[in-house]
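Please examine the sequence and the three-dimensional structure shown below. The paragraphs that follow lead through the structure one topic after another.

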Amino acid sequence: MGDGDFVAFIMMPVKRKFDAVIVGGGGAGLRAALQLSGSGLQVAVVSKVFPTRSHTVSAQGGITAALGNVTPDNWHWHMYDTVKGSDYLGDQDAIEFMCRHAAEAVIELEHMGLPFSRLDNGRIYQRPFGGQSMNYGGAQATRTCAAADRTGHALLHTLHQQNLKARTHFFDEYFALDLLRDADGYVLGVTALCIETGAPLVIEARATLLATGGAGRIFRYSTNAHINTGDGLGMVLRAGLALQDMEFWQFHPTGLPGSGSLITEGVRGEGGYLVNNRGERFMERYAPHAKDLAGRDVVARAVALEIHAGRGCGPHGDTIHLKLDHLGAALIKDKLPGIRELALRFAGVDPIDEPIPIVPTAHYMMGGIPTNLHGQVVMPARFGPEEPVPGLYAVGECACVSVHGANRLGGNSLLDLVVFGRAAGNHIIETLRENPFARLLPESAAEGALTRLERWNKTGAGENVADLRLTLQTLMQRHCGVFRTEVLMREGIAALDILQTRLEGVRLADHSQVFNTARIEALELENLFVVARATLVSALARTESRGAHARDDYPERDDDHWLKHTLYTSENDQIDTKPVRLKPLTVEPFLPKERTY
Amino acid sequence: MVGGALSTWLVQRVSALLLAAYSLFFPLWVALHWPLDFAVWRGLFVPLPMRIATLLFVVALALHAWVGMRDIFMDYVHPLGLRLTLHIVALLWLAACVVWATAILWRLS
Amino acid sequence: MRFSIYRYDPEQDAKPHMQVYDLDIDPAGNMLLDALLMIKDTLDSTLTLRRSCREGVCGSDGMNINGSNGLACITPLADLKQPVEVRPLPGLPVIRDLVVDMTPLNQQYRSVEPWLNNADPAPEIERLQSPEQRAQMDGLVECIQCGCCSSACPSFWWNPDKFVGPAGLLAAYRFIADSRDQTSDRRLDNLQDPYRLFRCHGIMNCVTVCPKGLNPTAAIGKMKTLLVKRGA
């Protein structure tokens, strides 16, 4: 063996083979993994953090399903609310699928052991959430199933436990770098990096599912965990594929100032409400009917407008107060204990006595990797706008199926995870049964990822990751926040172009192979950059206001031109569009009409 | 026997109760016979019930000490040979103490 | 503020050392995690730690802070005496700096079979549970597996391979306390040997450090009582 051969030998990453590989250990990834492990397939879950550290754990208020445990309910009403909430941009076949399967998905979680709060008759506790109605827009419905205000925590731990039982193979603290593809575009697995040892790893699989969650960390003020950096989105864009509806980012009306921690909509569901510095319950002006339980986009804009009009609370007039002291200590301790804990710790107020200061805070990405309702990633190709990319699936926040359209309703994200996690799992099982043989992995398939990794080994003086990340986040907050204009966004893109060139000059000071988090943060920054660009370019293209995308220069919804999805690809920042699937699976479509609460 | 661990844990708890009871009672008993000289001290242990109570106390103390020593060895001493040796030494020492205490108590009469 | 932080990179260092950082940060309104990330972002990018949710629910950033285990993200800087001494969780192998190998904890967690067992045919609706029955699980289901408790437990330090530790035992009791679970007997059998449960000597370090205010010692006590009742 010559020297050259030896180098090639040590550079060659270890290879592992599974039937399916899932990237991401949050609710969506674990639900899909459970379906696959339960069917006897060999499944690997690759997660950059131990699975119970995933961001699903922070979900508070609950998971929506028309169980009708408190008020009469059925999935048709849930579907109507979701379509309306999406500002008619949601695909109605996917929405029907989700709402139809919601009850069974929640019951299934209960059977797995999820410790839901209970009603006196022993059934699952439900609370009202924003945008929920009976009889297609009638009185407030009570549809969100809750485990106190720690529903995401309960859900994630339950799914993790079930996966331990099913002996799912976990690659904990492995960072996924890129998709493995062959010349025909088949996805054959992923390249990953073992964080503990710094060793790259090739995981071959006949099906690859991305469940990498959101990317809220593109914004300066976000409810999202540090880990929400859009890694799966970066992988998809680098593979030359498109992202859908990336202009739609939900700003949650009630985040804590500074830390950004989420204060659940469940607080308003339990009877809390918002007041400005005059003590006025201002939501009565913006949404006379639903008031504080209007859609999140509506409430977030109202809060921003109140602050902007000088009616903000606090010493700087830059917050709004969420009042819940009238609910009484007993209810707060029983149903909102986590909120009380957060308010005490991060805002220094006890909600039993005082209101909680809140501000609109970046929370959820409605857009993402386009999929059909089986979780298959779909792209425009030869025969239509939605042809499956062979071997590739996506579910959860990283995916855009699209059930949330232009604005997600509270409680629908946990539902999205489990319904489509299971659906994708089932589709993979069928597909693998019909296609039992793996395709040949090209020798060079991992090269791109390894080259990208190699770039971070450069030494010498340069800019640092943290500075660039903060600049990027501040830029996005300023140029692509709650209110947007063409001028603002064009400035944003120009600034991003400059920032992009600075990214080339970033150097790491840490070159250790052992648990090198500086390198992980650099790889995450690359992903944040491409997601931010997709967001800005998509937002600039959509010349209307719809759902969470609010433009001062185009304040009206424009169904004639924009009742369609945007598709962004990195090459030349290209924007394409595709139609909204307005036809549900079985019921009559809900036609777009004016959206009021 | 259902689980040696459970029994030893119970022994520790029950013996602790005995030790506590005797520790409360004995100072009272002494106070009742104040002032104390050697003859009085000897006399304290002459009644049979007192001798039985004291013997029970000693046995409880030995059992309690045995569980405690066993716990310490299990926690800190991992080489099996050394640990067995220590167990045996502790066991023999405690047994000897019980016998010795019995001899003292019954030599009095 | 002055911080003294445990540093160890097995690639560079023969043995661990403490490194001092002086950081310009306002203690008011900031948590220890804010300070650590500020050190990493502005002073020394090689400082290595885990973090995720930054609000005390994911359990990533358990560490030893001025001698006591806790979560950095919910430890207010204002409460800390300077220099703030930060070390990895004790009793676990250090991978690098503040990052420890959690494998012993995870293995013990697995060993108690932390999942619901119910062999009855699944009903079409939820399995009913009264609010009172559900309340039996309060203080158990909130565990975030941060490891602060087990790594503060001397019994776990000495026998991490045999003693389940407070975190695992809390999980074991969570399922015993769940009215829907049918395998309490098997769960108790699984804890009967001299080590798995009975290495707990009730010193309550776990209770003192638990960042969620949970009480593993009480759960352990309840399981001992159940064992006694069952034996009687």
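Predicted model: local features only at pLDDT ≥ 70, side-chain atom pairs only at ≥ 80, totals over all residues.

**Salt bridges, strands and cores**

With a relative accessibility of 29%, C:Arg230 counts as partly exposed. The partner of C:Arg230 in a salt bridge is C:Asp185, and their closest N and O atoms are 2.6 Å apart. C:Arg230 belongs to helix 8 (residues 216-231) of chain C and C:Asp185 to helix 6 (residues 184-189) of chain C, so the bridge ties together parts that are 45 residues apart in sequence.

In chain A, the side chains of A:Asp178 and A:Arg238 meet in a salt bridge with an N to O distance of 2.9 Å. A:Asp178 lies in strand 7 (residues 174-181) of chain A, whereas A:Arg238 lies in helix 6 (residues 231-238) of chain A; the pair links distant parts of the chain, 60 residues apart. Are the two residues buried or exposed, or something in between? A:Asp178 counts as buried, at 10% relative accessibility, while A:Arg238 is partly exposed, at 31%.

A further salt bridge of chain A joins A:Arg581 and A:Glu386, whose closest N and O atoms are 2.5 Å apart. Here the two parts of the chain are 195 residues apart: A:Arg581 is in the segment after strand 22 (574-579) of chain A, and A:Glu386 is in the loop between strand 16 (376-379) and strand 17 (387-394) of chain A. A:Arg581 has a relative accessible area of 17% and is buried, since the limit for that class is under 20%. A:Glu386, with 26%, is partly exposed. Salt bridges can also be linked in a network, and one such network includes A:Asp87, A:Asp245, A:Arg301, A:Glu544 and A:Arg595.

Strand 7 of chain A is joined to strand 8 of chain A by seven bridges, and the two run antiparallel. Within this pairing, A:Leu179 has A:Val190 in strand 8 of chain A as its bridge partner. The two strands form a hairpin with five residues between them, in which A:Gly185 takes a positive phi near 90°.

Strand 8 (residues 187-194) of chain A is mostly covered, as eight of its eight residues are buried. This strand also pairs with strand 9 (residues 200-210) of chain A, in the antiparallel sense and over five bridges. A:Thr191 stands opposite A:Val202 in strand 9 of chain A. Strand 8 and strand 9 of chain A form a hairpin as well, with five residues between them, and A:Gly198 in the turn has a positive phi of about 75°.

Attention now turns to the nonpolar cores. Which residues have the most contacts inside the largest nonpolar core? They are A:Ile63, A:Ile356, A:Phe420, C:Phe3 and C:Leu32, in a core of 173 residues. Domain 1 (2-100) and domain 2 (103-229) of chain C both give residues to this core, so it lies between them. Leaving aside residues up to four places away in sequence, C:Phe3 touches several residues, including C:Val20, C:Tyr21, C:Leu32, C:Ile39 and C:Val84. Apart from this core lies another, of 83 residues, among them A:Cys194, A:Ile218, A:Ile369 and A:Val514.

The last topic is the backbone. Most residues other than glycine have a negative phi, and most peptide bonds are trans. A:Phe515 has a positive phi of about 40° although it is not a glycine. A:Phe515 is found in the loop between helix 15 (486-504) and helix 16 (517-541) of chain A, and it is buried, with a relative accessible area of 3%. C:Asn66, another residue that is not glycine, has a positive phi near 45°. C:Asn66 is in the loop between strand 3 (62-65) and strand 4 of chain C and counts as partly exposed at 32% relative accessibility.

A cis peptide bond joins C:Gln82 and C:Pro83, with omega about -10°; C:Pro83 lies in the loop between strand 4 (68-71) and strand 5 (84-87) of chain C. A:Val401 and A:Ser402 are likewise joined by a cis peptide bond, with omega about -10°.

Note on methods. Residues numbered from 1 in each chain as written. Chains lettered and ligands numbered in written order. Heavy atoms only, no water. Salt bridge = Lys/Arg side-chain N within 4 Å of Asp/Glu carboxyl O. Helix = DSSP H or I, 4+ residues; strand = E, 2+ residues; numbered from the N terminus. Buried < 20%, exposed > 50% of the residue type's maximum accessible area, 1.4 Å probe, protein only. Pairing = 2+ DSSP bridges. Core = buried A, V, L, I, M, F, W, Y, C linked by side-chain atoms within 4.5 Å. Domains from an automatic or database assignment. Contact = heavy atoms within 4.5 Å.
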